[in-house]
Amino acid sequence: MRSSRYLFAAVLCAGITLAGQQNQQPVNTKVSETPAKTTPEPPAAAQARIARGREFLGLGPPPDQAAAARGQKTFAATCGFCHASDASGAEGPNLIRSALVLHDEKGELIGPFVRTGRPDRGMPAFPNLTDAQLYDIAEFLHQRVEDATNRFGYKIQNVVTGNAAAGKTYFARHCSECHSPAGDLAHIASKVEPADLQALFLYPSQTIGANGEKTTTPTQVVVTLPSGETVSGTLKRIDDFNLSLIDSSGAYHSWARSEVKIDIKDPLAGHRELLAGYSDADMHNILAYLETLK
Ligand code: HEC
Ligand code: HEC
């Protein structure tokens with residue numbers, strides 16, 4: 001959990017920088033700003049999608065919304081002057097991107113920090129805030145992180161609101177190194193519903209096979225033996241002591257972890273990085289484009 005949240009913080013900052021750079025480029029594609037028309041979706045499906053998204057990014061438990069609403073008032077009155085009332089930063093830093101906030105679960109890091117402050121660097125101490133107030137503020141900040149970065153609650157848009165041509169341009173720039181509309185993604189839109197297609201490209205954990213069946217993305221691993229020889233293949237099983245893989249010829253190998261060097265490739269690293277950089281328009285446009293791959 002810890003390390004994936006560090007990763008998320010790094011990814012988030014990278015995404016924001018990237019988005020900033022993209023904003024400076026001339027915009028030559030017209031993005032539809034038509035108010036979103038939503039396709040009805042059962043709440044259970046939306047909840048499942050939110051949970052998958054949280055897990056994909058390694059975030060902590062969902063914020064306590066009642067506490068977040070109380071925290072918003074305290075925050076705006078007490079902290080808003082320096083951090084802006086939406087926590088996006090003013091004289092004080094943006095707290096939505098703060099590593100301290102991202103690693104906090106229920107105020108256990110934010111609380112002590114705010115009580116003592118960092119007076120030498122312009123962050124005053126707030127020794128009189130109660131535990132309850134600090135918890136509320138922490139939940140408000142977590143809610144802001146969710147709002148700003150997780151679009152998992154975001155409803156499935158009617159695909160016609162996206163701009164397929166802009167999506168195609170985005171695809172050529174950010175996706176084509178790994179995917180091809182005529183290759184692995186050919187006919188993808190005929191195999192899955194728009195809602196599933198969106199979930200697939202936002203945080204793929206499953207691959208859709210030729211007949212529409214779902215399979216889990218295999219993890220690739222490279223094992224270096226003491227002799228220096230390497231064996232690579234699909235990870236079969238790993239625990240505290242042993243590791244096994246299936247190589248490209250289908251042969252099974254296993255070792256004690258202590259005897260070999262292991263390099264596990266995260267096949268979805270590219271997707272984790274992309275996720276933090278999408279604007280809402282990008283998401284609609286990509287989905288509209290993928291929907292053309294019938
Ligand atoms: C007078 C301006 C000011 C006020 C008021 C203020 N802050 Fe800060 N805050 C700062 C500054 C400046 C920093 C950066 C300190 C540094 O560089 O280490 C900071 C840092 C922080 C950080 C750490 C960010 C990080 O990632 O290092 C948190 C969390 C934070 N403030 C929360 C709060 C909360 C919650 C309140 C209200 C209870 C509050 N601040 C009120 C100025 C302020
Ligand atoms: C660095 C490589 C990389 C990049 C960049 C990348 N992907 Fe992926 N994508 C993957 C991997 C790996 C999977 C897991 C399935 C697989 O192995 O094909 C995947 C899965 C998917 C799936 C599900 C495919 C299926 O068959 O079920 C979709 C849809 C998808 N990506 C769309 C995109 C889009 C759209 C972009 C750009 C916005 C993108 N990807 C960028 C590597 C990448």
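## A first look at the fold

Among contacts in the chain (heavy atoms within 4.5 Å) between residues at least 6 apart in sequence, 61% join residues at least 24 apart. The chain has 12 helices and 7 strands; helices (H or I, at least four residues) and strands (E, at least two) are DSSP runs, numbered from the N terminus. Of the 294 residues, 40% count as buried, where buried means under 20% relative accessible area, exposed over 50%, and partly exposed in between (1.4 Å probe, protein chains only).

Please keep in mind that this is a predicted model, in which local features need pLDDT of at least 70 and side-chain atom pairs count only at pLDDT 80 or more, while totals for chains, interfaces and linings use all residues. Residues are numbered from 1 along each chain as its sequence is written, chains are lettered from A and ligands numbered from 1 in the order in which they are written, and side-chain values use heavy atoms, with hydrogens and water left out.

## The iron site

Let us start with the metal. Which residues of the protein are donors to the iron atom of ligand 1? They are His83, through NE2, and Met123, through SD, lying 2.0 to 2.1 Å from the iron. The two residues link distant parts of the chain, 40 residues apart: His83 sits in helix 4 (residues 80–83), and Met123 in the loop between helix 6 (110–116) and helix 7 (131–149). Both His83 and Met123 are buried.

Donors here are N, O and S atoms within 2.8 Å of the metal (3.2 Å for Na, K and Ca); water is not among the atoms, so sites may look incomplete. For comparison, ideal angles for six octahedral donors are 90 or 180 degrees.

## Three salt bridges

Side chains of opposite charge can pair when their charged atoms come close. A salt bridge is counted when a side-chain nitrogen of Lys or Arg is within 4 Å of a carboxyl oxygen of Asp or Glu, and by this rule there are 3 salt bridges. One of them joins Arg70 and Asp136, with 2.9 Å from N to O. Arg70 lies in helix 3 (residues 65–78) and Asp136 in helix 7, so the pair ties together parts that are 66 residues apart in sequence. Arg70 is partly exposed at 42% relative accessible area, whereas Asp136 is buried at 8%. Leaving out residues up to four places away in sequence, Asp136 touches Ala67, Ala68, Arg70 and Gly71.

Asp131 and Arg115 form a salt bridge in which the closest N and O atoms are 2.8 Å apart. Asp131 is exposed at 56% relative accessibility, while Arg115 is partly exposed at 29%. Another salt bridge pairs Glu291 with Lys294, their closest N and O atoms being 3.3 Å apart. Is Glu291 buried or exposed? Glu291 is buried, with a relative accessible area of 11%, and Lys294 is exposed, with 55%.

## Where helix 10 meets helix 12

Two packed helices are described by the angle between their axes and the distance between the axes. The axes of helix 10 (residues 194–202) and helix 12 (residues 280–290) come within 10 Å and cross at roughly 120°. Axes are lines fitted to C-alpha atoms, for helices over the stretch in contact, and angles run from 0 to 180 degrees between N-to-C directions. On the helix 10 side, Pro194, Leu197, Gln198, Phe201 and Leu202 meet Met283, Ile286, Leu287 and Leu290 of helix 12. Helix 12 is mostly covered, with 9 of its 11 residues buried.

Leu197 lies in helix 10 and is buried, at 2% relative accessibility. The C-alpha atoms of Leu197 and Leu287 are separated by 7.5 Å, although the two are 90 residues apart along the chain. Leaving aside neighbours within four places in sequence, Leu197 is in contact with Ile188, Ala189, Val192, Leu287, Leu290 and Glu291.

Glu193 is found in the loop between helix 9 (188–191) and helix 10, and is exposed at 56% relative accessible area. Glu193 and Glu291 are 98 residues apart in sequence and 9.3 Å apart in space, C-alpha to C-alpha.
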